Amino acid sequence: MTTTATHLTVVIRHWPDLHDALGQPAIHHGFGIGLRGHLAALTDIADRALARAAERADSAPDAPGERPAPLRTTILDTMTEVEAALVDCADQLAAQIQRTPMARAPRDWPAADRARRDQLADQDANDPRRWKWTGKRTAPYAALWLYARLTQPGGPFTPLTDRHRETVAAVARSSAERVERALDIAAQTRTLERPCACGGRIDVHGGEGRQPLAHCTGCGLIWSEGGVIAA
């Protein structure tokens, strides 16, 4: 499966999760521990773990940093942007590659020939593979239609050019990234603004359903929300 097809599959597979997340108060929804939702907790744990490691009597204050936007706003914005991008991409592509339906037979044809031609014309016009500019215009449907154009040659279409594939690839990649960010399921790495007690940089790795881990690039201390893992 091509990378573009994989990106389109991400949108199709996780669109119901975006709908579900609209009504959920949590930062993540069913994909393990999200990264953004644990940055504040990890910062607090880091303070306590480093304080113990350095035998400090006081705890460090909460680290500064951006807090995630309210979930419903983030999810709704993502769904609106992704749907608009995918539907527009399908509109533009169909306008360029979708063949005009076969014409019905002239009235002066013999009845039998006219009936056969009209039947073929009706089948061509109603081919379910055709993109429609009205009716079902949702993100998953557009993603599925684009997926089919990439993986199933033939039908009432002219072949895709390299330019077509590049355009679809760019939209699919951007859409998948937005969905993954909104659900907090993409692999991510963040660097905390506050350094470790040793002066080293603290990187937090998480996403993809994994428990976020904080790692000091100086002393090598590793910890999670549950406490220090290795020192």
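The protein exposes about 12900 Å², and carbon and sulfur atoms supply 52% of that area. Accessible areas here come from the Shrake-Rupley method with a 1.4 Å probe, and for residues only the protein chains shown count as cover.

Before I go on, a word on the source. This is a predicted model, where local features need pLDDT of at least 70, side-chain atom pairs count only at pLDDT 80 or more, and totals for chains, interfaces and linings use all residues. Residues are numbered from 1 along each chain as its sequence is written, and side-chain values use heavy atoms, with hydrogens and water left out.

Now the overall layout. The protein has 6 helices and 5 strands. Helices are DSSP runs of H or I with at least four residues, strands are runs of E with at least two, and both are numbered from the N terminus. Along the sequence the pattern reads α-α-α-α-α-α-β-β-β-β-β.

How much of the protein is buried? Of its 231 residues, 39% count as buried. Buried means under 20% relative accessible area, exposed means over 50%, and partly exposed is in between, with a 1.4 Å probe and protein chains only.

Next, contacts, meaning heavy atoms within 4.5 Å. If we take those in the protein between residues at least 6 apart in sequence, 62% join residues at least 24 apart.

Proline 16 sits in helix 1, residues 3–21, and is partly exposed, at a relative accessible area of 44%.

Moving to helix 3, which covers residues 71–97, we find aspartate 91. Is this residue buried or exposed? Aspartate 91 counts as buried, at 13% relative accessibility. Leaving out residues up to four places away in sequence, aspartate 91 touches Trp131, Trp133 and Arg137. With tryptophan 131, the side chain of aspartate 91 makes a polar contact of 2.8 Å. A polar contact is a pair of N or O atoms within 3.5 Å; within protein, one must be able to donate a hydrogen and the other to accept it, and residues adjacent in sequence count only if both atoms are side-chain atoms.

Last, the cysteines. The structure holds 0 disulfides, a disulfide being a pair of cysteine sulfur atoms within 2.5 Å. Cysteine 198 is in no disulfide, and the nearest cysteine sulfur, from cysteine 216, lies 3.5 Å away. Cysteine 198 is partly exposed at 45% relative accessible area, whereas cysteine 89 is buried at 6%.
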